[in-house]
Amino acid sequence: MNHMIPNWVEERFLALQNDSSSLASGPRGAERKQAIETVRRQGFPDRRQEAWRFFDLQELQRQTFTAAPAVTVDDAVRRTVQRETLDDRWPTAVLLNGRFSPELSRLQHMPAGLMLDRFSENPPATLGKLVPHSASTFAALNSALYREGVAVTVKAGEAIEEPIQILHLIDTRFGQVVIHPRVWMNFEHHSQASVVEIVASIEGEYSTFTNPLSEIFVDREAVVDHIRLLRHDDRAFHVSAQYSHQAANSHLTSLSLVLGGGWVRNDVHALSEQEGATTVLDGLYIAGGRQSIDHHTFMDHAGANSNSRQLYKGILDERAHAVFNGKIFVRRPAQKTDAVQNNKNLLLSDDASVDSQPMLEIFADDVRCTHGGTVGRLDLAGIHYLRSRGIGLETAKKLMIHSFAGDVLRRVRRQDIRDSLDERVMQKLESLPSIGRGGSL
Amino acid sequence: MLEIKNLHASIGGNEILRGIDLEVRPGEVHAIMGPNGSGKSTLAHILAGRPEYEVTQGSVLYKGLDLLEMAPEERAREGVFLAFQYPVEIPGVNTTYFLRTALNQVREHRGEAPVSAGEFLKIMREKMRMVDMDESFLKRSINEGFSGGEKKRNEILQMAVLEPGLMVLDETDSGLDIDALKIVADGVNKLRAPDRSFVVITHYQRLLNYIVPDVVHVLYQGRIVQSGGKELALELEERGYEEIRERVGINRPAMQV
């Protein structure tokens, strides 16, 4: 069967192959060409494939995107950077339309033990090593077309006090553009760090496509807190894949916080390969309008005595739709695995909907794995109780909904990060018609 | 303070209250007693504005205001407080934050300045002593994992913080052992004041040994069938509701004959 890829992708591929000065001719040329072949062979997925059943690929296929041009740093860009950055004192890499911006990044006075760099044709040796050949077409598309990536390395035994920020901005002012952010993170043994990745739009009127691919290497005894915050506008398409690998006794927390984007699909693959690793995969998605937010997690236990905890929560208003597809996979050697997965959803309107699909696949015989999923409405008895103490309807609803989201935010260890995220969560909640002024029960 | 006239109410099409008349003056404590299903809790919920109940006839005035026209939060801000029979657990909402939000919304309505977190803590500490609660309570989610006694003490604590004009206690004694009952009653008694009234709803006379009422009403099949002084409660305790039925001339339902 001949799989379809959109014309704009094929045209881009042809342009690359015919242009001797282009990406395809650099040192990474061979890998890029291979990735192009993968995209051509596999084609874009379609909804008949189980993993893409709920995602509106047709809408994506209908669009035409061009390679994002370089962006001039103007007031709008500066305002966006200022608005989206959690803290302007932290080490920060800013990428505009897939290009590293030395002007907006903050890389001076880097703490000892931290390396935060851009790369293009001279990537780290292990780039792509966590991305399996069976990865989706979109991951291959990223490998074929990414322009500049960000590499984070924390040296063995170093604890980096300040969180590391990576800000990817896509400019929606001048056309339907696509970017392929690439992030590679390597936490050497016994290191500790927090990383916040933020993906957002520079306000404009065009629909855009962001297609990130990230790899996170966590060596033995390292402790890593990772947050991925999405703040696109609701015309944006976003399809991401994240691959993490953990060595013995390491600890990785990875939170996906989705507060924006029209069509969002996040795949989170976590391989816990060696003994005694702990993995926390959390998620919080808040959506209204016709937003569609999909998360697919794949928790892969290969080492013995490891733990994983997943808590994904969603708050959906209007006609928003969400998917949580969570798989826990326990390989034969992974005895004494302790894996818990939970997905809880709060629907604020009759038209909002969610598809929650937990899956367990277990080949070891001595494990403890539990999963659960709930979809509920606001607790009216609780709201009445709050009102009976003088709290207005709007505040009562906000309190209840905010506390629902709080379960996830409370798991963020650093208070400064937690507070900044909470502020953005509140802002998103206020924008939902069922919560903001004029909402009713 | 409270003036109820010919109040009829139903839930899901079933008429529960069939013409209640009740007047409570400032400073008075009224007890409402009656068997299960007589409409006691319905009356309490209607005063607090619970949306499931439909008032089909009659009026309720509180300090001259038409209570039935007001949203639950407006009633609370004006000073109507219901201590719930079954306080609701709200996981994730911190008790201190909740109560400070409530107090500040009430104060805003009264035209008073909001209290700061520090000031509020002082108020809380003082009021918590009154109902014998320790500080760990401040950090817990509303009623989450509370024992029956803790939930009831929490209701009285909220009442003490919000300082309402009319306090309705809905079977606050149910599920309490004698020590907890004394603490709760003691808390209520400390709140008694010339400008504050109480409606104490209870199945048993026991609570009224500690919260001594000025008037006792007997509610039966949605109507107040008898009113009297505090000795009426003792009579009821002695003779049971059976005797009341006969005395007021209401036939027992056919099924129970």
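In this predicted model, B:Leu47 is in contact with B:Val60, B:Leu67, B:Val80, B:Leu82 and B:Val168, its neighbours within four places in sequence being left aside; contact denotes C-beta atoms, placed from the backbone, within 7 Å. B:Leu47, B:Phe81 and B:Val168 touch the most other members of the largest nonpolar core, which holds 177 residues. Such a core is a set of buried Ala, Val, Leu, Ile, Met, Phe, Trp, Tyr and Cys residues joined through C-beta atoms within 7 Å. A residue is buried with 20 or more other C-beta atoms within 10 Å of its own, exposed with 12 or fewer, and partly exposed in between, the C-beta atoms being placed from the backbone. Another core, of 11 residues, lies apart from the largest one and includes A:Val280, A:Leu281, A:Val330 and A:Ala339.

Residues are numbered from 1 along each chain as its sequence is written, and chains are lettered from A and ligands numbered from 1 in the order in which they are written. Local features need pLDDT of at least 70 and side-chain atom pairs count only at pLDDT 80 or more, whereas totals for chains, interfaces and linings use all residues.

In chain A, the buried residues of helix H4 (residues 75-84) are A:Val77, A:Thr80, A:Val81 and A:Glu84; helices (H or I, at least four residues) and strands (E, at least two) are DSSP runs numbered from the N terminus. These residues lie on the same side of H4(A) because they cover an arc of only 100° around the axis, the arc being that of the directions from the helix axis to the C-beta atoms. Their cover includes strands S2 (92-96), S6 (164-171), S9 (192-202) and S12 (223-231) of chain A. The face turned away from the buried side carries the exposed residues A:Asp75, A:Arg78, A:Arg79, A:Gln82 and A:Arg83.

A:Glu394 is found in helix H7 of chain A and is partly exposed, with 16 other C-beta atoms within 10 Å. The C-alpha atoms of A:Glu394 and A:Glu84 are separated by 27 Å, the two residues being 310 residues apart along the chain.

Between the chains, 17 residues of chain B are in contact with 18 residues of chain A. On the side of chain B, two or more residues each come from helix H2 (72-78), strand S7 (90-94), helix H3 (95-109) and helix H5 (148-162). That side comprises 10 nonpolar, four polar and three charged residues, where Ala, Val, Leu, Ile, Met, Phe, Trp, Tyr, Cys and Pro count as nonpolar, Asp, Glu, Lys and Arg as charged, and the others, Gly among them, as polar.

Technical notes. Contact = placed C-beta atoms within 7 Å.
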